[in-house]
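The sequence and the structure are shown first, and the description follows.

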Amino acid sequence: MTNGKANPYVMITVGFEYDIDGWSNDNRAEIFCRNRKGFLEFLTDNMMPYLADEYSLNFKESVLFGHSQGGVFAHYAAFNSDLYENQPFGKYIIGSPAFWTPYFTDQPDFDAYKNDYGYFERRSTMNKELYLTGGDDEDKDYEEYYGVNDSTLEGLLHLKERLDSHGITSYSYKIYEGNHYMYIPEMLIDFTEEKLIPDSSDEDMP
């Protein structure tokens with residue numbers, strides 16, 4: 001934004017207080033995995049309505065971006081959004097979702113992500129815009145953790161295949177050069193400079 005490469009946005013980092021180590025896997029897992037339902041409720045019913053009053057936000061253009069364990073949460077948030085009356089996010093960036101991390105697979109219902117938390121059993125269409133993204137060289141970074149689970153890129157590809165199988169077109173899928181996080185600046189510039197996601201005309205959701 002400073003260099004004129006992207007349109008101005010209100011950008012808010014949420015999830016960690018100043019006295020919490022945001023690099024700690026356990027701290028991130030507490031919010032994004034173990035307490036994901038409470039965190040989503042806070043964002044949906046508390047934080048975003050408050051911010052909308054303060055800054056006149058356009059919910060249709062509001063974006064929830066999560067990466068790694070945050071990408072796991074962004075996927076959870078997108079495919080549980082239909083359960084809420086408030087709809088504060090119109091777009092979701094699901095970046096390098098770590099569906100394989102022990103902090104996620106230790107949850108009793110972790111494999112519910114494989115059918116997108118039953119979303120398509122409740123709904124036949126989706127009027128949210130999704131951006132699925134990762135780095136082409138990142139799978140080797142964490143291969144010791146995958147076990148029988150999808151790698152990061154496999155998880156993204158299988159999510160894309162599920163969307164295709166349900167006829168969902170309001171998404172974009174792009175794999176950048178780089179590892180688990182180095183591609184993020186380029187991705188964010190692309191996201192803000194261009195319209196990377198097709199419009200959806202679905203009216204099935206509020």
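## The strand pair β2 and β3

In this predicted model, strand β2 (residues 91-95) pairs with strand β3 (residues 129-135) in the parallel sense, over 5 bridges. One of the residues involved is Y92, whose bridge partner in β3 is L130.

Strands of a sheet pair through backbone hydrogen bonds, in either a parallel or an antiparallel manner.

## The sheet as a whole

The pair belongs to an open sheet formed by 4 strands in the order β1-β2-β3-β4, with parallel pairing. Strands β1 (63-67) and β4 (171-176) stand at the edges; each has a single partner strand, so one side of each is left without a neighbour in the sheet. From one strand to the next, the twist averages 10°.

## Helix α1 and its cover

Helix α1 spans residues 25-34, and its buried residues are R28, A29, I31, F32 and C33. Among the elements that cover these buried residues are α2 (36-55), α3 (69-78) and α4.

## Residue Q107

Residue Q107 lies in the loop between α4 (102-105) and α5 (119-122). Is Q107 buried or exposed? The relative accessible area of Q107 is 13%, and buried means under 20%, so Q107 counts as buried.

When neighbours within four places in sequence are left aside, Q107 is in contact with C33 and R34.

Definitions and conventions. Residues numbered from 1 in each chain as written. Predicted model: local features only at pLDDT ≥ 70, side-chain atom pairs only at ≥ 80, totals over all residues. Heavy atoms only, no water. Helix = DSSP H or I, 4+ residues; strand = E, 2+ residues; numbered from the N terminus. Buried < 20%, exposed > 50% of the residue type's maximum accessible area, 1.4 Å probe, protein only. Contact = heavy atoms within 4.5 Å. Pairing = 2+ DSSP bridges. Axes fitted to C-alpha atoms, helices over the stretch in contact; angles between N-to-C directions.
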